[in-house]
Amino acid sequence: MKTYDDPELQAIATKLSSDDPGIRRVAVLELVDTGDPDAVELVIHALQDPDTHVRQEAAKVVDEFEAEDMADALIAALSDSDETVRNAAAHALADLKDPAAAEPLLQALETSTDSFVVSGILRALKPLRTQDAQRPALKRLADADAQVRREAVGVIGWLKQPENLPALVETAQHDADPEVRRAATGALVYANPSQVGQALIGLLADEHWQVRCEAANSIAKLEYQAAVSALITATSDDLWQVREKAVDALGKLGSVESIPVLGECAADAMSNLRKAAIGALGTIAHSDGRPYVVTALDDPDPDVRKLARWAISKLDAAA
Amino acid sequence: MPIANHHSSVPVIVDEDKCIADKGCTVCIDVCPLDVLWINEDTGKAHMKYDECWYCMPCEADCPTDAVTVNIPYLLR
Amino acid sequence: MEINNIPVIDTDILVIGGGTAGPMAAVTAKEQNPDLNVMLLEKANVKRSGAISMGMDGLNNAVVPGHATPEQYVKEITIANDGIVHQPALMAYATRSFPMIEKLDSWGVHFQKDETGDYDMKKVHHLGTYVLPMPEGHNVKKILYRRLRRNRVQIENRYTATRLLKDPDGNIAGMIGVNTRTAEPIIIRAKAVIMATGAAGRLGLPTSGYLFGTYENPANNGDGHAMAYHAGADLANLECFQINPLLKDYNGPACAYVTGPLGGFTSNAFGERFIECDYWSGQMMLEFFKELESGTGPVFLKLDHLAEETIQEIETVLHTNERPSRGRFHEGRDVNYRQRMVEMHISEVGFCSGHSASGVWTDETGATTVPGLYCAGDMASVAHNYMLGAFVYGQICGESAVEFAKSRREPVLDEAFIQTELERIQAPMKRADGIPPEQMEYKVRRLVNDYLQPPKVTRKMEIGLERILAVREDLPQLCARDPHELLRAMEVQSIIDCAEMAARASLYRTESRWGLYHYRVDYPEQDDSEWFYHSRLFKDENGQMASGKRPVADYLVPLGDEKDAYRKMRVQKAANA
């Protein structure tokens, strides 16, 4: 057994070689309190302990250490028989944020088939924004597992490469899973509006309301003017949440032609929608909107009245 | 002026079958911000010695063996 | 060196309080100069201490380029605090806010990002965008702990500081304290001291009557406020109490910042919004209080109009971060966000600059009025700092303290003072019989509720002060049976100090300001001609608690038109109301 100069660490190492798994488990907990860099190798050792509880404990403390030293061990732990261990390893890997970890992660990605493991690796690769992750991530957009596809969208979105837009659009439009479609729709905001605008208009009619909301958000972020009439249609969506986002987007686009529709929304029963409508009318700051804003000064909801007072000042300034 | 002990129902419960304080574990005791968990000298296990709980949960969340349960104190329930 | 057979421990920089600001200060000092000895003293255990022991669910005051400017932020906070702010300190925060987010992000703190990796800012206020959610923000303490170990900060857990030490020239010289498990005293000599002991959260009594059911982590009981006072530091605007909206009987925050971006809101009994005020402020709390007392009260958190997916998202955030026992509380009362609104109430009073503006006077360098003593976080007077402000001022104090310590030789200690303090620490355990700390604490906090809680009335506060001083007369009977009770006995003495400060500060400012926080029924108007000042509270040359005025420093950012924009969002009844 290796010996350590630091007596505290040595005491822990001794306990870690105990026959009693309970004592080994407590020793792992004590590792957290040492500042000695050598503690890392003891954690790695504990990750391979025959006792599940000891491995679980080691996995729970891995994120207390600088994980670049243990990328390999963490990737190995992703295939542990115990779910707690696998989960903790995946989280710790995602926190690596060290470019040096990209290489082993990519290698592991190449050979991994387990969906859980693949998702964990993709989540870890995302913040590293390494170009080398692009190809494997694109490939995983066709994975059978929805969680894997969702994480692949994340990797691609963070890379912000124009060449990946067709693949993201395809996923946003046709993936079977709504959360994957929503994520892909949100990722389109790095595009030139003309490349994805029509697709976003189509997504305003997605069957899942959260995708429709996300589409309205992305249109607003891109300020895609050609979407005005589709957004006007979306202001009569069945769900107030979608109508709210569509109204926000129309405000952001400064759409004067939408003012009558916004006026209708400003009289809706749902106060959150009235709020959004008056906010949009203030942002547009066109005199056609003034009558609706004046009416809203007497709205029963104070948030609406507040925004109406603000909108009046915007209208006055623009006049 | 004599001091009386008063009886109190405590919110933090430790399952003595699961608790491994006798192996040297002191996690729940270490993390309690109010220092109300102690080792019971008779059993060697952790227990709530003082009814001064903020029901903040580190003791439960950090316990390696899921032996600790934090209940909402009776006065607030 | 030994005093009374107690070895004196030497360090370059001493940080008192290991919650949020303290670890950042300690790490910063080490980053500035790894050769310095930096000691972090914590009453509990730094792994899980302070206001963010279980993490934080979001930033309320993130000044992120493209979403808000430092100038805009400074304006908003100035208006939210009725003009009584030290703008240079707000500006120092605002300009460092984004670099701090970037630093924390690189350390592994999880902020919400959009699908392309940009910060996912949310607009909650009407004039600026400052909210950055942290749905996975439960690991903040873990990350701080990792940094402390990596930088080799010396950590001393389970010690409570009781008094600060000064040298004959009036510079800071260290502190004296006691171990909370063994009752052994500790004397630390330091060239510079940073205090980050959090709010004074055990001042008022929660309406439940449970002493530890406070809004703040009850370990934050105002030790720092009391120690700073006894060391001769100025405290500022203590009459600007902290009162927060929270769930009825459960000390979980109202979470306007979590539920607001998702469509939830604070409503009256009829499911309608009633709050006129935009930014979190005493004005907002006054509206809340009036609604509670009105025929349309009480007040509720309304989420039952949201979609199932949204409710699940809210539950995940609220039941895993900051106050995770919230789910258990609701379960016990059979409350489900989907089916009914959740009753809310207001918290007990306290001192906390995180949400309001009172505390130990601190300038833009983190300096107090005692040379070498710095202050950060909820106990320092920088208004509306929240968690991110605690980090920023922790960093500022770390830098300032290193600079101060550079030219400093080993401080000279006042042995007679230390002797007296050791006697004070040891006294409660020497008594076999007497008044337990719990009873004394209950009494003084009940007096705070009865006499100092707004709406404030002069004659009531005078009676309250008299009664609080009478409790102080009972201190020679305070008795502790073990080291744990001794900790509570030391704490109750800080609580009595804070209660007296709360009464005197409230009596001094003869106007109303900051909405409910300093709502004086017999002086109902704000009076800028007499009171456009910070109020000071300090120990005068005779050792008496004294008050005074400190001019408000010239504004860096004039309010201009924004002031009117804000006024337009202030309480105004609708024409048909």
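Helices (H or I, at least four residues) and strands (E, at least two) are DSSP runs, numbered from the N terminus. This is a predicted model, in which local features need pLDDT of at least 70 and side-chain atom pairs count only at pLDDT 80 or more, while totals for chains, interfaces and linings use all residues. Residues are numbered from 1 along each chain as its sequence is written, and chains are lettered from A and ligands numbered from 1 in the order in which they are written.

**Exercise 1. Describe chain C as a whole: how many helices and strands does the secondary structure come to?**

Step 1. Chain C has 16 helices and 18 strands.

Step 2. Turn to the dimensions. Along the principal axes, the C-alpha atoms of chain C fill a box of roughly 70 × 55 × 50 Å. The radius of gyration, taken over C-alpha atoms, can be set against a globule rule of 2.2 Å times the number of residues to the power 0.38. For 577 residues a compact globule would have a value near 25 Å, and the 23 Å of chain C agrees with that.

Step 3. Look at burial. A residue is buried if 20 or more other C-beta atoms, placed from the backbone, lie within 10 Å of its own. In chain C, 59% of the 577 residues are buried.

**Exercise 2. Which residues of helix 5 of chain C meet helix 14 of chain C, and at what angle do the axes cross?**

Step 1. Two residues are in contact if their C-beta atoms, placed from the backbone, lie within 7 Å. From helix 5 of chain C come Asp223(C), His225(C), Ala226(C) and Tyr229(C); they meet Glu491(C), Ser494(C), Asp497(C), Cys498(C) and Met501(C) in helix 14 of chain C.

Step 2. Axes are lines fitted to C-alpha atoms, for helices over the stretch in contact, with angles from 0 to 180 degrees between N-to-C directions. Those of helix 5 (residues 223-230) and helix 14 (residues 483-508) of chain C come within 8 Å and cross at roughly 70°. Helix 5 of chain C is therefore roughly perpendicular to helix 14 of chain C, a label that covers 65 to 115 degrees.

**Exercise 3. Work out the order of the open sheet of four strands in chain C.**

Step 1. Two strands pair if DSSP finds at least two bridges between them. The order is 11-14-13-12 (chain C), with antiparallel pairing.

Step 2. Find the edges. Strand 11 (245-247) and strand 12 (265-267) of chain C each have a single partner strand, so one side of each lacks a neighbour in the sheet.

Step 3. Zoom in on one pair. Strand 13 (residues 299-302) and strand 14 (residues 342-346) of chain C share three bridges, and Val299(C) stands opposite Met344(C).

Step 4. Helix 7 (residues 282-293) of chain C lies across strand 11, strand 13 and strand 14 of chain C, at about 120° to strand 14.

**Exercise 4. Where in the hairpin of strand 17 and strand 18 of chain C is there a positive phi?**

Step 1. Strand 17 (residues 533-539) and strand 18 (residues 545-551) of chain C pair in the antiparallel sense over seven bridges. Phe538(C) has Ala546(C) as its bridge partner.

Step 2. Five residues lie between the strands, and Gly543(C) takes the positive phi, near 80°.

Note on methods. A residue is buried if 20 or more other C-beta atoms lie within 10 Å of its own, exposed if 12 or fewer, and partly exposed in between; C-beta atoms are placed from the backbone. Angles under 35 degrees count as roughly parallel, over 145 as roughly antiparallel, 65 to 115 as roughly perpendicular and the rest as oblique.
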